[in-house]
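Q: Hey, I'm new to this one. Can you walk me through it?

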Amino acid sequence: MDAIRTIPATHYLNNGHGLASWLLTKDHKRIAIMYLVTISFFFFLGGLMAAGIRLELATPQGDFVAADTYNKMFTLHGVIMVFFFLIPSIPAVLGNFLIPPMIGARDLAFPRINLLSYYLYLVGGMFTLGAMLSGGVDTGWTFYTPYSAAASNTSVIPTALGVFIAGFSSILTGLNFIVTIHRMRAPGMTWFRLPLFVWAHYATSLIQVLGTPVIAITIVMLGVERAFGFGIFDPARGGDPVLFQHLFWFYSHPAVYIMILPALGVMSELIANFSKKKIFGYSFVAFSSLAIAVFGFIVWAHHMFVSGISVYAAMVFSFLSFSVAIPSAVKVFNWTATLYKGAISFETPMLYAYGFMGLFAIGGLTGLFLATLGTDIHMHDTYFVVAHFHYIMVGGAIMGYLGGLHFWWPKMTGRMYSEFLSRISAILVFVGFNLTFFPQFIVGYLGMPRRYHAYPDEFQVLNVLSSAGASVLGLGYLLPVIYFVYSLKRGEVAGPNPWGASGLEWEIPSPPPTENFAVIPRVTTEPYEFTPHVARERELV
Amino acid sequence: MHAHAAHHPALQHQFQTMSQQKESAVLGMWAFLLTEVLFFGGLFMAYMLYRTWYHDAFVLASTSITIFWGLLNTVVLIGSSLTMALAVRSAQINQRKATVMWLIATMVLGTVFLGVKVIEYADKFEHHHVPGPEYAFIEPGHEPIFELGPHGRELLERNSAESLNRTTQIFFSLYFTMTGLHALHMIIGIGLMCVITWMAWKGRFSSEYYTPVEMSGLYWHFVDIVWIFLFPLLYLIDRS
């Protein structure tokens, strides 16, 4: 077997040298790496803001930063993490890298648009960075009117413009994936032979294409109101700020599914591949992704139960919000059933997968508390909400992203990272995460509101726990940077398929050649076929 | 198997055949237009809500817009859709000069539309019908500056000038945002067509490969259809 474990002489990383060969590349794999580097930078920046927030909240008095600065910190934390890290994270890095090889294609359908999409993201990010350097913005990532349109004297327009531009990047990525999945599948790669990762990205892309334009137009309306004095949401002229909230959440609720659906796709791959077993109920898992995408569009008003919408509308939206639990639970149950009697192992990607299942379940179930009208009135705008969505976005989306990155890192670079350090980091992330956010459920239930830089003394113990957890979590996020970078030169050579995984991407060399496949493959098998031979070999190792 | 198609200079490396490449472009363009529908959809939503709330203000504001210019522009734009369709057809049957000519005709009609829009906007600026601090729709005690029928007069009398001066601003905010974004789409379309015309002139298109002409056509027809909705909503409904 050792003979196979070599780095091929030419691959996408050494096919072309110099800065221009990267900045002008149309290779989906290189674009994915550029995204990886850029979003890591934004993740770090958003993380710094989070560190500032947790530092301030370690003591009840507002003693570290002024209230205005605190407002700007949590706003930038939200804007950067949502629009410049979470939304592009899995699709733009892993999806970009993996969808063509997974379906047996040489590239995405529109490589030039893919590059354009990267630059739109970069320009959008620069606008937001510019806004940050020119004094920041204090509206919260939600940009609610009338404050954002008329009152705030911070850089609302540059920030919103950055989000607007990055939105087009997201739309174009989704569009590219939809066309690629429809038109670029290799012969024999039928819809029901697609890896579930691809199904999840298909569902995500639908949301990106249908949802993102709505936030774009909302930002335009906010922009003309702020810049030219138009009056679309201005209550003084009869405009309705609640309309802004409807339009904002019509995108921003489905946006949560843009973040979590690709992570669910990663999870299906991890669980099947590390239990060496065909996934349980393939078509249910595939269609539950589409169901989440569809239900995601009809639940937005659950963010507005206390904004003055009608009781009947609230009841309908409450009921519909519960329905999202069905496809989500289908996934978790099917993963559990897949694990049952599988040849389960505990490599790093799988540790993230186990962590994900627990955290996603807690995040999802607490979502039901908030979808219930009565309890939501008690918990709205408290730390309970903050804890809930961090369980989904950090405990779900980021765990999925890291799990996927650890799983496909040997494919992307041809090298293995330190198994020991990576397991430590997976455990640190899990422990640190729970320590950070579990206390926030309690402190929120007890009544601590979000978005304030000071709080009553009795909440200090729980807040100190949360801040301590955040430092552990931060360490867990920094550690991979070290061993990933180290692995680039010194890591053990991985070979084409170090995990004994199934899927077309594992049949090509690591790192793959620029054209992925010398000859377009013909697919003849079902997904997640593990021959007894492969499974036994892993047990022996 | 695809020896002939594989040699076509326009075939990109990620595709196996010209037809796969074309089908991808068509699907991509329709997905993009779907995005555009949702983009304008937000504005239509706002229009619908406020029209229901402020019916009288919307009817009066609508009446203040000159119907002649809107009608003229509708004819011009439908004409440009025809010339665009003829350009696509000419590319499809290898008529290089006709393709270029019809594309230029489309751009000329598009520019006429934008010119008319400039006249209309200038008129609105002159009469302080642009939302903001200078805005004045009705001056108390004065006749309105536009023609009103008996029903319009009734609406004017049952609303205070003060309330009309507030709520008609919502109409004009939407009017300028909607027609402004539509005009921006036309400018982008004309820019796109400059490139396509140049490519057509250079003889890049043939019956085997004319996808860029067809895609620009799809885009142009979409922009046209948006206007087909804007014209009745902003100019026609319930004029009195």
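This is a predicted model: local features need pLDDT of at least 70, side-chain atom pairs count only at pLDDT 80 or more; totals for chains, interfaces and linings use all residues.

Q: Where in chain A is the pLDDT below 50?
A: Over residues 535–541. In the model, that stretch has eight contacts beyond near neighbours in sequence.

Q: OK, on to chain B. How many helices and strands does chain B have?
A: Eight helices and zero strands. From the N terminus on, chain B runs α-α-α-α-α-α-α-α.

Q: Is chain B a compact globule or more spread out?
A: More spread out: its radius of gyration is 22 Å, while the globule rule gives 18 Å for 240 residues, so chain B is more spread out than a compact globule. Along the principal axes, the C-alpha atoms of chain B fill a box of roughly 80 × 30 × 30 Å.

Q: How many residues of chain A are in contact with chain B?
A: 33 residues of chain A, and they touch 31 residues of chain B.

Q: Which helices of chain A supply at least two residues each to that side?
A: Helix H6 (156–183), helix H7 (196–228) and helix H8 (241–275) of chain A. H7(A) gives the largest share, eleven residues.

Q: What classes do the residues on that side of chain A fall into?
A: 23 are nonpolar, six polar and four charged.

Q: Back to H8(A). How does it sit against helix H12 of chain A?
A: H12(A) covers residues 348–371, and the axes of the two helices come within 10 Å and cross at roughly 120 degrees. That angle makes H8(A) oblique to H12(A), and the crossing is left-handed.

Q: Which residues meet there?
A: From H8(A), A:Met267, A:Leu270, A:Ile271 and A:Phe274; from H12(A), A:Pro349, A:Met350, A:Ala353 and A:Phe356. By class, that contact has eight nonpolar, no polar and no charged residues.

Q: And what about helix H3 of chain A and H8(A), at what angle do they pack?
A: About 35 degrees, with their axes 8 Å apart. H3(A), residues 67–103, passes H8(A) in a left-handed crossing. The contact includes A:Leu86, A:Ile87 and A:Ile90 of H3(A), and A:Ala255, A:Ile258 and A:Met259 of H8(A).

How values were computed:
Residues are numbered from 1 along each chain as its sequence is written. Chains are lettered from A and ligands numbered from 1 in the order in which they are written. Two residues are in contact if their C-beta atoms, placed from the backbone, lie within 7 Å. Helices (H or I, at least four residues) and strands (E, at least two) are DSSP runs, numbered from the N terminus. Ala, Val, Leu, Ile, Met, Phe, Trp, Tyr, Cys and Pro count as nonpolar, Asp, Glu, Lys and Arg as charged, and the others, Gly among them, as polar. Axes are lines fitted to C-alpha atoms, for helices over the stretch in contact, and angles run from 0 to 180 degrees between N-to-C directions. Angles under 35 degrees count as roughly parallel, over 145 as roughly antiparallel, 65 to 115 as roughly perpendicular and the rest as oblique. A crossing is left-handed if the near helix is turned anticlockwise from the far one by less than a right angle, and right-handed if clockwise. pLDDT is the predictor's confidence in each residue, from 0 to 100. The radius of gyration is taken over C-alpha atoms; the globule rule is 2.2 Å times the number of residues to the power 0.38.
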